[in-house]
Amino acid sequence: MHRALDANNLREVLKYSALMLSELRTSKLSPQKYYDLYMRAFDQLRQLEIFLRDESRHGLPVVDLYELVQHAGNILPRMYLLCTVGSVYIKSKQAPSKDVLKDLVEMCRGVQHPIRGLFLRSYLTQVSRDKLPEIGSDYQGDANTVMDAVEFVLQNFTEINKLWVRIQHQGPGTVREKQEKERNELRDLVGKNLHVLGQIEGVHLEMYKETVLPRILEQVVNCKDDFAQYYLMECIIQVFPDEYHLQTLETLLAACTQLMPTVDTKIVLTQLMDRLSNYAVSSPDVLHEFLQVEAFAKLNNAIGKVIDTQIEMPIVGAMTLFVSLLTFALRVHPDRLDYVDQVLGACVVKLSSGPKLEDARAMKQVVALLSAPLEKYNDIVTALTLSNYPRVMDHLDDGTNKLMAMLIIQSIMKNNSCISTADKVEVLFELIKGLIKDLDGNAYRGEDFQEEQNSVARLINMLDNEEPEEMLKIICVVRKHLMTGGTRRLPFTIPPLIFSALRLVRQLESQGGDMTGEDLPATPRKIFQILNQTIEVLSSVPCPELALRLYLQCAEAASDCDLEPAAYEFFTQAFILYEEEIADSKAQVTAIHLIAGTLQRINVFGVENRDTLTPKATGGGYSARLLKKPDQCRAVYACSHLFWVDDLDGIKDGERALLCLRRALRIANAAQQMANATRGSSGSVTLFVEILNKYIYFYEKGSPHITPSDIQSLIELINTEMQSDNNGNTRTHSDPFFTSTLRYMRFQKQKGGLMGDKYELIKL
């Protein structure tokens with residue numbers, strides 16, 4: 001053929017071209033191999049077209065040439081040659097392009113073999129693409145209109161789609177999988193026609209609405225092939241403009257409801273909604289178009305119909321559609337919370353109509369559905385106004401419910417959201433009930449359980465309202481929910497509730513005024529009553545150490561509010577817990593120090609109440625009953641601070657403070673004697689040094705009962721204990737604590753002044 005081209009021999013060129021094209025008649029090649037052969041033939045036909053375009057080389061008018069190639073022996077080579085010459089014929093403008101195109105598209109019906117016909121019509125699409133009579137084209141004129149171009153492409157698309165669908169009927173049914181694979185490889189040949197149609201200049205909205213889309217959808221629906229319907233709907237959504245989709249939304253959605261039940265309609269609708277929502281956010285000017293066509297209402301109705309008609313659609317498919325619709329509503333109409341709630345309501349109806357949700361993929365889609373409003377609004381308060389939000393959560397299994405509750409709390413933490421009314425707190429705690437009450441038998445799962453409860457605790461700390469009345473309502477709502485949470489949760493969730501209530505008490509105390517009136521809705525007295533009842537529940541868990549700490553915190557807050565009876569009651573409860581519940585020796589030591597420290601800071605007690613409480617903690621009470629002597633000693637000298645409080649109105653009973661120190665010293669001596677008896681050597685002098693530091697503290701504070709001779713005697717005692725053990729052996733090492741204490745005393749002595757004068761009486 002190339003030699004004939006070089007020789008400008010027309011008849012030889014056509015002869016060898018027909019022979020070459022006869023190779024395309026084969027039925028033995030796979031679609032991929034046939035495509036390779038087709039591309040080689042296509043390259044040669046390009047050379048042939050260039051030759052035929054130059055009439056000076058072959059000397060035959062294009063009209064005669066168009067007649068000549070129709071005498072080729074076989075239909076397939078004849079049609080390829082006819083399409084090639086037809087391209088030259090149109091380019092010569094010796095005939096209206098619409099007539100030539102119509103002639104070609106009609107004669108191509110002579111090839112009915114699916115694969116050969118597909119490639120032939122694909123070739124026709126390629127050679128005619130730049131010769132369509134569209135606006136701005138050289139071939140547009142009185143005889144040629146845009147409608148002619150559209151008609152040609154539509155007709156070619158219809159025929160090529162029929163051929164593509166027929167591939168599934170070629171050969172025995174046992175090779176069905178192979179046929180589907182071949183069809184998948186050839187689908188781009190079909191989609192190319194729609195791509196060309198979408199690029200034709202001059203296809204305005206009315207033409208698209210009245211002619212183009214109805215013709216395409218007619219072919220899509222009537223082909224009755226799920227594979228073809230899915231692919232063609234996907235092509236329609238991708239190749240045509242977004243504004244056309246919006247204006248023809250009803251027609252497009254009606255077609256979706258007529259597709260075969262086996263078509264994955266959810267993906268088609270999801271792609272459509274994604275394109276429309278992207279179009280909506282591209283410019284604020286187009287939003288009014290969505291309102292005019294009522295896009296959301298139409299999509300909502302269409303999705304409802306699809307879900308109702310496709311009975312076999314799995315629940316995950318329906319949930320995916322709801323997620324896409326909700327995303328569309330949030331992006332296009334972020335101000336319409338009623339749309340969001342409407343989607344959630346439809347989801348509730350679907351979930352309620354079937355068995356319990358167990359599909360993990362569907363559960364994941366429900367989580368995505370519930371997470372979308374949180375991510376969009378960055379405010380849980382908005383989600384709390386959605387009446388169907390908690391109803392959707394009720395359909396989650398226990399594990400997923402907890403996961404969703406954690407996501408809600410994380411959203412609140414991330415956005416620092418403020419839930420400031422009792423009603424909203426009520427709804428919120430209904431949403432996260434999976435974390436605050438037992439929904440299954442495996443409620444406690446180690447680290448996961450602790451992390452969940454810590455998240456709830458952080459959430460409680462974020463609940464706040466400047467109005468005391470509303471804040472008290474919030475505390476009562478939270479308490480109501482926490483009390484149903486089971487004993488294992490209370491140690492995590494009760495403390496933040498207690499401190500929130502104490503924060504409210506201090507807020508009321510700072511505001512001043514009458515805080516004890518019975519008519520007031522929020523008073524410290526009422527709050528302390530609630531706190532007492534709450535901690536009492538915690539103490540029965542049992543968790544006595546935590547309950548004791550909370551009682552002491554409440555007692556201190558009651559003291560700040562000058563509520564002596566309440567403070568006394570809290571101390572009484574703390575003492576009862578210590579006596580009846582705390583048995584561990586380490587816990588007892590810690591509790592005594594907490595009691596002593598709290599009692600020291602409280603200044604509301606009168607003489608009678610203080611004299612009742614103080615002995616409980618001192619040497620004659622709990623301190624003396626500790627198991628270990630060192631613990632007894634430290635507890636007793638710590639209680640000395642109960643009798644000397646260093647502030648303007650504080651107690652300054654130096655005599656009783658000295659009694660505590662002397663009692664501590666006796667206990668330290670007893671501990672030293674026990675060490676000599678059991679180990680054959682005296683123990684550490686640390687207890688003596690600690691007591692010495694207490695003597696120094698009260699001496700510096702001006703206690704008249706602590707004299708220099710007392711300190712001098714104690715220093716000599718420590719030196720004696722350090723110099724030798726029970727066997728008379730001399731110890732050469734010194735106690736660092738004692739050395740530091742002496743260094744401090746020398747420093748004060750050298751510094752002079754009033755404090756230095758005090759230390760002049762002590763020999764170091």
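Modeller: Helices in what follows are DSSP runs of H or I with at least four residues, numbered from the N terminus, and the model we are looking at is predicted.

Colleague: Let us begin with a loop, then: between which two helices is Lys-224 found?

Modeller: Most residues other than glycine have a negative phi. As for its place in the chain, Lys-224 is found in the loop between α11 (205-222) and α12 (226-239).

Colleague: Is Lys-224 buried or exposed?

Modeller: A residue is called exposed when its relative accessible area is over 50%. The relative accessibility of Lys-224 is 53%, and therefore this residue counts as exposed.

Colleague: What is the relative accessibility of Asn-416?

Modeller: Asn-416 also has a positive phi, near 50 degrees, in a residue other than glycine, and its place is the loop between α23 (398-415) and α24 (422-431). Asn-416 counts as exposed, because its relative accessibility is 59%.

Colleague: Turning to the rings, how many aromatic pairs does the count come to?

Modeller: Rings of Phe, Tyr and Trp, the last by its six-membered ring, are paired if their centres lie within 6.5 Å. Counted by this rule, the aromatic pairs come to 24.

Colleague: Why is the pair of Tyr-66 and Tyr-89 called tilted?

Modeller: A pair of aromatic rings is described by the distance of the centres and the angle of the planes. Planes under 30 degrees apart count as stacked and over 60 as edge-to-face, with the rest called tilted. For Tyr-66 and Tyr-89 the centres are 5.2 Å apart and the planes stand at 45 degrees, so the pair is tilted.

Colleague: Which helices hold Tyr-66 and Tyr-89?

Modeller: Both tyrosines, Tyr-66 and Tyr-89, are buried. They are 23 residues apart, and their pair links distant parts of the chain, with Tyr-66 in helix α5 (residues 62-68) and Tyr-89 in helix α6 (residues 75-92).

Colleague: What is the distance from centre to centre in the pair of Tyr-279 and Phe-290?

Modeller: This pair, too, links distant parts of the chain, since Tyr-279 belongs to helix α15 (residues 265-282) and Phe-290 to helix α16 (residues 287-293), eleven residues apart. Tyr-279 and Phe-290 are both buried. Their pair is tilted, with 40 degrees between the planes and a distance from centre to centre of 6.0 Å.

Colleague: Over the ring of which residue does the charged end of Arg-183 sit?

Modeller: A charge sits over a ring only if the CZ of Arg or NZ of Lys is within 6 Å of the ring centre, and within 35 degrees of the ring normal. The charged end of Arg-183 lies 4.9 Å from the centre of such a ring, and the ring belongs to Trp-164.

Colleague: How are helices α19 and α20 directed relative to each other, roughly parallel or roughly antiparallel?

Modeller: Two packed helices are described by the angle between their axes and the distance between the axes. Here helix α19 (residues 337-352) and helix α20 (residues 360-377) have axes 11 Å apart, and they pack at an angle of about 165 degrees. Their contact is made by residues including Leu-344 and Cys-347 of α19 and Pro-373 of α20. Angles over 145 degrees count as roughly antiparallel, and α19 and α20 are therefore roughly antiparallel.

Colleague: What is the angle at which helix α36 and helix α38 pack?

Modeller: The crossing of α36 and α38 is left-handed, and among the residues that meet are Leu-692 and Ile-696 in α36 with Phe-738 and Tyr-744 in α38. The two helices are roughly parallel to each other. Their axes lie 9 Å apart, and the packing angle is about 20 degrees.

Colleague: How far apart in space are Glu-700 and Glu-67, C-alpha to C-alpha?

Modeller: Glu-700 lies in helix α36, and, leaving aside its neighbours within four places in sequence, it is in contact with residues including Tyr-744 and Gln-748. Glu-700 and Glu-67 are 633 residues apart in sequence, and their distance in space, C-alpha to C-alpha, is 126 Å.

Definitions and conventions: Residues numbered from 1 in each chain as written. Predicted model: local features only at pLDDT ≥ 70, side-chain atom pairs only at ≥ 80, totals over all residues. Heavy atoms only, no water. Buried < 20%, exposed > 50% of the residue type's maximum accessible area, 1.4 Å probe, protein only. Axes fitted to C-alpha atoms, helices over the stretch in contact; angles between N-to-C directions. Parallel < 35°, antiparallel > 145°, perpendicular 65-115°, else oblique. Contact = heavy atoms within 4.5 Å. Left-handed = near helix turned anticlockwise from the far one by under 90°.
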